[in-house]
Amino acid sequence: MNPQADWDKPVLMSSEEEGIRYDVVLSNDYRMTRFATGETELYHLDSDPHEFTNLAENPEYEGVIAKLSERLSLRQSEPDAEGWWEAEDLPHQTSSDFGQRGNFHYPQDYSEASQGEAVCADLNKGAGSYIEFAFKIDRPGHYNLSISLNAEGSCTLSTAPVVNDAKQADAGYPMKKLMSIEKTQSETFDLVSAGVVRFDQAGLHLLRFSSQVPKQQLTIDRIPLLHRN
Ligand SMILES: [Ca+2]
């Protein structure tokens with residue numbers, strides 16, 4: 001009799017470290033960690049108990065990752081038929097959790113928001129304090145990008161493909177600047193256009209809003225990202 005037979009089902013643990021949410025899925029053979037930004041780590045427990053070799057980039061393990069991913073609570077959401085993503089459905093994080101540098105975020109109900117909900121980010125340290133969202137694009141190309149948001153102060157919008165690199169969470173990590181967003185005028189949400197943006201590759205990307213003022217609340221309702229045919 002296999003003593004581990006009743007432990008066949010992978011287990012899920014969720015946690016947060018320095019403001020970054022992550023899931024750990026543990027099966028008999030593997031430990032997989034998925035961060036809210038999309039980074040994945042996969043280790044084979046028997047042959048690599050000290051977890052030196054991250055197998056997540058190895059195409060041979062795509063099947064294992066797909067299987068373990070069924071257990072994740074951090075699901076990658078999909079846009080609606082017209083290419084609109086709800087901010088509250090996208091994985092997101094602030095540059096550091098509350099208590100360390102003062103930046104934090106939370107979902108909030110708004111009757112004026114799409115689906116009645118938006119993501120509030122209280123950014124408290126000026127440039128370098130940010131909230132970012134991870135989204136997946138299916139094909140490279142040119143996209144029309146807009147954001148429905150409320151900004152109390154100016155911020156910078158930038159993007160980068162998600163890479164398996166912890167440094168990507170740093171404020172100094174190189175990203176492509178898309179636009180400056182000024183303080184919005186409306187009491188609720190303004191639709192701000194970043195124009196046409198080119199994404200060179202398919203896959204997960206970050207959209208980062210960095211505050212340019214020492215303190216502001218940024219509220220993001222949804223993000224339309226429409227492929228130009
Ligand atoms: Ca919304």
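Helix α1, formed by residues 62-69, lies across β2, β3 and β4 and runs at about 70° to β3. The structure is a predicted model. The exercises below examine the sheet, its hairpins and the domains.

**Exercise 1.** Determine in which order the strands of the open sheet are arranged, and which strands stand at the edges.

*Solution.* Strands of a sheet pair through backbone hydrogen bonds, either parallel or antiparallel. In this model, 4 strands form an open sheet in the order β1-β2-β3-β4, with antiparallel pairing. The edges are taken by β1 (11-17) and β4 (40-44); each has a single partner strand, so one side of each is left without a neighbour in the sheet. On average, neighbouring strands of this sheet are turned by 15° against each other, direction ignored.

**Exercise 2.** Follow the sheet from β1 to β2 and state how many bridges join these strands.

*Solution.* The antiparallel strands β1 and β2 are joined by 7 bridges. A residue pair can be located here: Ser14 stands opposite Asp23 in β2.

**Exercise 3.** Describe how β2 is connected to β3, and find the bridge partner of Val24.

*Solution.* Next, consider the pairing. Strand β2 covers residues 20-26 and strand β3 covers residues 30-35; they run antiparallel and are joined by 5 bridges. Finally, the partner of Val24 is Thr33, which belongs to β3.

**Exercise 4.** State how the chain is divided into domains, and what distance separates the domain centres.

*Solution.* Domain 1 comprises 5-69, and domain 2 comprises 84-227. Taken over C-alpha atoms, the centres of domain 1 and domain 2 are separated by 27 Å.

How values were computed: Residues are numbered from 1 along each chain as its sequence is written. This is a predicted model: local features need pLDDT of at least 70, side-chain atom pairs count only at pLDDT 80 or more; totals for chains, interfaces and linings use all residues. Two strands pair if DSSP finds at least two bridges between them. Helices (H or I, at least four residues) and strands (E, at least two) are DSSP runs, numbered from the N terminus. Axes are lines fitted to C-alpha atoms, for helices over the stretch in contact, and angles run from 0 to 180 degrees between N-to-C directions. Two residues are in contact if their C-beta atoms, placed from the backbone, lie within 7 Å. Domain bounds come from an automatic or database domain assignment.
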